[in-house]
Amino acid sequence: MLVVDHITKSFGKKEVVKGVSFSIEKGETFGLLGPNGAGKSTTISMICGLFPYDSGDIRVGGKSVKEYPMEAKQKIGVVPQDIALYPTLSAKENLIFWGKMYGLSGATAKKRADEVLTYVGLEDRAKDKIETFSGGMKRRINIGVALMHEPELLIMDEPTVGIDPQSRNHILETVKRLNEKGMTVIYTSHYMEEVEYLCERIAIVDHGKVIALGTKSELCNRLTDGFMVRLQVNRYNQELLQKLQALPVVERIVVDEDSNTIDIALINGDAVGMVVSEVVGNRVQIVKLEVQEPNLEALFLQLTGRSLRD
């Protein structure tokens, strides 16, 4: 369905995408992960035809985005991170407008709008203006817009940012249903658990390159003995962090200053006691301790040195 073949992109003298390659089979849900500034959003923009790539090629359903831009774009539905709706129009009016922008006739756009409203569970709010909707409802209509022309490839860029748990669950289940009906999905998120729940294969991008690619189990196997311990402490200082980093069992450390949480990637589970002893020995109180066996988040931390939300 999609082939991204050694694409590069520079803005001025800065190369932000450096030979990224991956392919997605028809009917697959594919996760694209990366910390902020990794080149993920630029890659998505090039797939959508918003940015021209400098070299390489992108093919959607066999059509080169560079050589056949309109044919490639017609196969794509995009759910952007920001809400792309007109607040003073109703939900149905928004869907009809965007349906016509996709090339649907008036009658077809009205019919599809009704179908899409039912699909996203908002048929009872069809005539209400978007400005009266909650954040979660706006996101569901945002997804509906991308479905109007029945695309073959759906690109979802952080579709659950800033919404309530109920709306989030509804969106995740909608993605599941779409995929079960055969739609190919690219899913990006800052919530690792969403990617683990939805995606069959995952690519991790950092510094403009794909640094890991495979199924969840294939990726986690790269952390043969890797464990992560998460410590919430009453306080910490740079001296403690330096002492922890100097331990031979510690691979990486990431600190969340807002919550006084320290994420520590370890070479094995037996190393937890050594870390705890170091913390307690520095007269720091441990408020909460969690030990996580090898998982996608631990791999991400080990590969990038950053948490997904960084």
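Biologist: Which is I44, buried or exposed?
Modeller: I44 is buried, at a relative accessible area of 6% (buried is under 20%, exposed over 50% and partly exposed in between, with a 1.4 Å probe and protein chains only). This is a predicted model, in which local features need pLDDT of at least 70, side-chain atom pairs count only at pLDDT 80 or more, and totals for chains, interfaces and linings use all residues. Residues are numbered from 1 along each chain as its sequence is written, and side-chain values use heavy atoms, leaving out hydrogens and water.

Biologist: Where does I44 lie?
Modeller: In helix α1, which covers residues 40–47. Helices (H or I, at least four residues) and strands (E, at least two) are DSSP runs numbered from the N terminus.

Biologist: And what does I44 touch?
Modeller: Leaving aside residues up to four places away in sequence, I44 touches L32, I155, D157 and T188 (contact is heavy atoms within 4.5 Å).

Biologist: How far is I44 from M148?
Modeller: Their C-alpha atoms are separated by 20 Å, and the two residues are 104 residues apart along the chain.

Biologist: Back to α1. Which strands does helix α1 lie across?
Modeller: Helix α1 lies across β1 (2–11), β2 and β4, and runs at about 115° to β1. Axes are lines fitted to C-alpha atoms, for helices over the stretch in contact, and angles between N-to-C directions run from 0 to 180 degrees.

Biologist: What order do the strands of the open sheet take?
Modeller: The order is β2-β1-β4-β5, four strands with antiparallel pairing (two strands pair if DSSP finds at least two bridges between them). β2 (14–24) and β5 (63–64) stand at the edges with a single partner strand each, so one side of each has no neighbour in the sheet.

Biologist: How many bridges are there between β1 and β2?
Modeller: Eight, in the antiparallel sense. F11 has K14 in β2 as its bridge partner. The two strands form a hairpin with two residues between them, and G12 in the turn has a positive phi of about 65°.

Biologist: And how many between β1 and β4?
Modeller: Five, again antiparallel; V4 stands opposite I58 in β4. Strand β4 (residues 55–60) is joined to β5 by two bridges, and R59 stands opposite S64 in β5.

Biologist: New topic. At what angle do α3 and α5 pack?
Modeller: About 30°, with the axes of α3 (residues 91–101) and α5 (residues 135–147) 9 Å apart. The two helices are therefore roughly parallel to each other (under 35 degrees; over 145 is roughly antiparallel, 65 to 115 roughly perpendicular and the rest oblique).

Biologist: Which residues meet there?
Modeller: A91, L95 and W98 in α3 meet I141, G144 and V145 in α5.
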